[in-house]
Amino acid sequence: MSETQLRSYRLTSLEEPTDEMLHAIMEKVAAAARKSTARAEEAKRRMLAETARRIKQNRAVAL
């Protein structure tokens, strides 16, 4: 299935997607979900590292 065909399809009650279209749509959704999850994990890792750095810095100042 071409990218143009996939992008032109609109899910409506008038036209059912073919199995091929449905598979392609679900593959795109899965890829987007994996990408989003990876970005969220990286952001979480950065925030935790920054928090740990700040805690360490605050402890050093307090002593």
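Modeller: The account below begins with the whole chain, turns to the salt bridges and ends with one leucine.

This is a predicted model, in which local features need pLDDT of at least 70 and side-chain atom pairs count only at pLDDT 80 or more, while totals for chains, interfaces and linings use all residues. Residues are numbered from 1 along each chain as its sequence is written, and side-chain values use heavy atoms, with hydrogens and water left out.

The protein contains two helices and zero strands; helices (H or I, at least four residues) and strands (E, at least two) are DSSP runs, numbered from the N terminus. Its C-alpha atoms fill a box of roughly 70 × 20 × 15 Å along the principal axes. The radius of gyration is 22 Å, whereas a compact globule of 63 residues would have one near 11 Å; the value is taken over C-alpha atoms, and the globule rule is 2.2 Å times the number of residues to the power 0.38. Of the 63 residues, 6% count as buried, where buried means under 20% relative accessible area, exposed means over 50%, and partly exposed lies in between (1.4 Å probe, protein chains only).

As to charge, there are 13 positive and 9 negative side chains, and the centres of the two sets lie 18 Å apart. In this count Lys and Arg are positive and Asp and Glu negative, with His and the chain ends not counted; the place of a charge is NZ of Lys, CZ of Arg, CG of Asp or CD of Glu.

Side chains of opposite charge can pair when their charged atoms come close. A search of the whole structure finds five salt bridges, each defined as a side-chain nitrogen of Lys or Arg within 4 Å of a carboxyl oxygen of Asp or Glu. Three of them are described here, starting with the pair formed by lysine 44 and glutamate 41, whose closest N and O atoms are 3.5 Å apart. Both residues lie in helix 2 (residues 19-62), three residues apart, which is about one turn of the helix. Lysine 44 counts as partly exposed because its relative accessibility is 43%, and glutamate 41 does so because its value is 42%.

In the bridge between glutamate 50 and arginine 54, the closest N and O atoms are 3.0 Å apart. These two residues also belong to helix 2, four residues apart, again about one turn. Glutamate 50 is partly exposed at 29% relative accessibility, and arginine 54 is partly exposed with a relative accessible area of 49%. Elsewhere, salt bridges that share partners join Glu42, Arg45 and Arg46 into one network. Arginine 46 and glutamate 42 are four residues apart in helix 2, so about one helical turn separates them. Arginine 46 has a relative accessible area of 49% and is therefore partly exposed; glutamate 42, at 32%, is partly exposed too.

Leucine 6, by contrast, is buried, with a relative accessible area of 14%. Leucine 6 is found in helix 1 (residues 3-8). Setting aside residues up to four places away in sequence, leucine 6 touches Met1, Met21, Ala24, Ile25 and Lys28, contact meaning heavy atoms within 4.5 Å. Leucine 22 is 16 residues from leucine 6 in sequence and 9.4 Å away in space, C-alpha to C-alpha.
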